[in-house]
Amino acid sequence: MISRSTRHPVIKRLSLPLKAILFIALLLTLIALLGVWILHTAEAKRSGELRLGNLQSRVSVHYDAWGVPHIDAQNEEDAYRALGYVHAQDRLFQMDMLRRVGGGRLSELFGAESFATDRFFRTLGINRFARAYAERLETEADSPHVKLLHAYQDGINQYIDHGGRPLEYRLLMAKPDYFTTEDIAQIMGYMAYSFAEAFKTDVLVDHIRGTLSERHYKDLVPSWPDQLPPARSSGQPYIELLKPMLEQISAIEKDFPVGQFIGSNAWAVNGSKSASGAPLLANDPHIGFAVPAVWYEAHLRTPENEVYGHFLAGIPFPLLGQTRHHAWGLTMLMNDDIDFYRERINPEDPNQVWASDHWEDFALHEEVIKVRGQEDRLIKTRSTRHGPVINDLPGSLERQPVSLFWTFLDPENDSAEAFYGFTRAQNMAEFETAAAAHSAPGLNLIYADTDDNIAMWAIGKLKRWPTSSNGFALLNGSSGRDEFLGYQPFENNPRIINPRDGYLFSTNNPYPEKNVRRSLPGYYAPTERAQRLSELLQEEETFDLSRFKAMQLDDQRPQALAMVQDALPLLDYNLFSSELHAPAAKAAQLLEQWDGRYQQDSVGASIFQRWRDELSVALFADELGDRYAFFRNTYLASKTLTQLYWKPTSPWWDNRQQPSLDGRQAAITHAWIKAVEGLVADLGDQPEQWQWSRLASLQHQHALADRIPFGRYLNTEPVAVNGGNETLNNMAYNIGEPRYQVKSGPSTRRLIDLADVNATLGINPLGQSGNPLDMHALDQAEMYNEGRYRTQLFDWLSIQALPDQLLIRPERKR
């Protein structure tokens, strides 16, 4: 018999691990229950019933296999209220990020690390514009588009009231705020900022004009390659005035929690060039990749109207869309809607600036930025009659002030009315009337309808100035010579309607205009996509959606092939040390055999891209010094390099740091040496293994990836891509790094044949849902990466047979 005293230690020894096991099991159970609770409160409700306040009648929401809501309502206000609710279910955190960037409110969630970004966007004046916008819309509360805007935001806010709280808010231990009318203006403000190349280009052009020769300046290509920079600039080198702004833009853009709007492709053909006999339309807007993807698809039907649209988070009307009568798409116009004015301060009163013939006081603005975990911060900004003072940054108030004129800040700007009008138009004339209501940012609006019309309009207010092209350098704010003269009437905006050739297109290129006086100054994209698309559209064969697919996925750069053929005689392996003779010779051979395509298995694409990168360094870095880091990834740099390659007499070929490398031939061979040496160092000495897939990859990054522990797990896995900078399948990346991280590209691909709306094709880079745990978060990613498409469901017999139906009823009266 074992005594009590001898049993106790054994029992005690056994109980300790048992207690630990029980504790761990309990902890894991609690974690699992917490996870289930978080998932349940974050997941979208796509079946069953729910009730919403302010509904007039019940609304049926049918979800298809891709999580796209097809909303069937008895009136438009009910439809848009339901849209706000279901959009918020899938994308509330994205909505919040977009309004917070534009409104300068990221610090409320992310703390002091976002204060510089907030301060910059407050300086732009978007917040003040948004407040005035909301006040103006309150006086227009009975306007149809304002009613629907309020209904949409009411739907969002009711989702918040119902306890909807996406995963990101749980991770941040925060709650979403209600949405207001101001938010739509803040979101549009961020979009307009993304479109504005002037923030970078004008500063660099003025720097070059002030520090280098007139010949250097004239060889720049800020606009289209056949247009020289304006002959007149600020008159003196004011190169340091905006350097703080340039440095700040460079820093904050690396940390944006949402994608930027970069460029786009769109084209249309009429029935004469279509296999179906009806117009075809294609559109793939180029926007920064992020988690979740940019566009949210939804289909709305009421007895009055029906539209299938691609919606931007927080904006109630589709920017891209289709009815049973017409379809439309967008690209960036790239017009010059920004100018910088250097102001003259009163030497006796630093609170005044000279205005042509008298002194005027600065307008002073005080704003509070809330910073998570810290005290609120007060910032003070100023503005002149031209607009906000853009270089009022800490430590720079003693600088000569530079003010910003920006069309977006026009008090009458209300683009929501135009987007609403696109959905309601019954014919091309009504559609054009709606287009005239758009103010900013400048857009190309591509249109096709079942009456066999195709058209493209430059929409947005286009300014009139004392001279036809004066916007690429700092202007004189005190002389009176450069004052804004108002906007030209919409009927004078460039347009193409039913062209004789039967096709039209936009790749962020200017409208064809032989009259120099009517040419529109702008920061247009390089010529490569335009040349390639024009070449493909001129083919005599009729088009169908399968051919349009191949065009959207096209990854060839004809200009690259022309440069390669010219350079090949100079790419001698004897330029290298003996151990690199074989790799250099093989690399030249592979480059000669290259077909100009940026495909995953292409070696030629890798070799050309590295050589082109090094050629950019050889051309520009010695003249620009530390400004080259800002310059190298602008459209200005890309266009100028392509133009100068065929201009051996340009002073840019002179090397100030190493005179032995002076001249075009020396730069070409030096760039070749550096490219091969770099590829050998990075990928090994077997050029056959230098595939494009080893250099370029696409990873969609989440806003919280670098902001919370383990946030990187919210990113997607990197994947190889076809396409590169300025191919039609435009996978854009920054140069200057050993690997190319694709930052932007087709944010959706849309293909529409107006002979059969049920045959419409599209694809999303990720999926409909912004919830990382949702089945529709990534369900389109593999198809997108493989260049495949899915049908956009338009047939209501098929829609009503879908298994997932959410019935939304009016809230019970108490």
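**Notes on the model**

1. Tyr598 and Trp692 are both buried. The two rings form an edge-to-face aromatic pair, with 5.0 Å centre to centre and 85 degrees between the planes. Tyr598 lies in the loop between helix 17 (581–593) and helix 18 (604–624), and Trp692 in the loop between helix 21 (664–683) and strand 22 (696–698), so the pair ties together parts 94 residues apart in sequence. This is a predicted model, and every point below should be read with that in mind.

2. A search of the whole structure gives 41 aromatic pairs. Phe289 and Tyr784 make up one of the edge-to-face pairs, at 6.4 Å centre to centre and 75 degrees between the planes. Phe289 belongs to the loop between strand 5 and strand 6 (295–301), whereas Tyr784 belongs to helix 22 (residues 781–785); the pair therefore ties together parts that are 495 residues apart in sequence. Phe289 is buried, at 11% relative accessible area, and Tyr784 is buried at 2%.

3. One aromatic cluster is formed by Phe120, Phe121, Phe129, Tyr133, Tyr190, Tyr193, Phe199, Phe340, Trp406 and Phe408. Phe120 and Phe121 are also among the buried residues of helix 4. Of the 10 residues of helix 4 (residues 115–124), 9 are buried, so the helix is largely enclosed by the rest of the structure. The buried set also includes Asp118, Arg119 and Arg122. Gly125, which follows helix 4, has a positive phi near 90 degrees.

4. Two arginines are placed over aromatic rings. The charged end of Arg301 sits over the ring of Trp796, 4.1 Å from its centre. Arg547 lies over the face of Phe543, at 4.2 Å from the ring centre.

5. How many cavities of 30 Å³ or more does the structure hold? There are 8. The largest cavity contains about 240 Å³ of space. Its lining consists of 27 residues, and Phe93, Gln94, Val258, Val291 and Pro292 lie nearest its centre. Helix 2 (residues 76–103) provides the largest share of this lining, 9 residues. By class, the lining of the largest cavity divides into 17 nonpolar, 7 polar and 3 charged residues.

6. The second largest cavity holds about 120 Å³ of space. It is lined by 16 residues, and those closest to its centre are Phe195, Phe261, Ser264, Pro285 and Trp295. Helix 8 (181–195), strand 4 (261–269), strand 5 (280–288) and strand 9 (326–332) are the elements that give two or more residues to this lining. Strand 4 gives the most, with 4 residues. The lining of the second largest cavity has 12 nonpolar and 4 polar residues, and no charged residues.

7. Two cis peptide bonds may be worth a check. Val291 and Pro292 are joined by one, with omega about -5 degrees. Pro292 lies in the loop between strand 5 and strand 6, and both Val291 and Pro292 are among the residues nearest the centre of the largest cavity. A cis peptide bond also joins Ala440 and Pro441, with omega about 0 degrees. Pro441 is in the loop between helix 13 (428–435) and strand 17 (443–449).

8. Lys463 lies in the loop between strand 18 (454–459) and strand 19 (475–476). Is this lysine buried or exposed? Lys463 has a relative accessible area of 14%, under the 20% limit, and is therefore buried. Its side chain reaches the backbone oxygen of Asp336 at 2.9 Å. The side chains of Lys463 and Asp339 are joined by a polar contact of 2.5 Å.

9. Ser356 has a positive phi near 70 degrees and lies in the loop between strand 12 (349–354) and strand 13 (359–361). Ser356 is partly exposed, with a relative accessible area of 36%. Asp452 has a positive phi of about 65 degrees and sits in the loop between strand 17 and strand 18. Asp452 counts as partly exposed, at 33% relative accessibility.

10. His365 is part of strand 14 (residues 363–369). His365 counts as buried, at 18% relative accessibility. The C-alpha atoms of His365 and Lys273 are 57 Å apart, and the two residues are separated by 92 residues along the chain.

Key
Residues numbered from 1 in each chain as written. Predicted model: local features only at pLDDT ≥ 70, side-chain atom pairs only at ≥ 80, totals over all residues. Heavy atoms only, no water. 1 Å grid on protein atoms, 1.4 Å probe; cavity = no way out; pocket = protein on both sides within 12 Å on 5 of 7 lines; lining within 4 Å. Points joined across faces, edges and corners; volume = space filled by probe spheres on them. Nonpolar A, V, L, I, M, F, W, Y, C, P; charged D, E, K, R; others polar. Phe/Tyr/Trp six-rings, centres within 6.5 Å; stacked < 30°, edge-to-face > 60°. Buried < 20%, exposed > 50% of the residue type's maximum accessible area, 1.4 Å probe, protein only. Lys NZ or Arg CZ within 6 Å of the ring centre and 35° of its normal. Polar contact = N/O pair within 3.5 Å; in protein donor to acceptor, adjacent residues only side chain to side chain.
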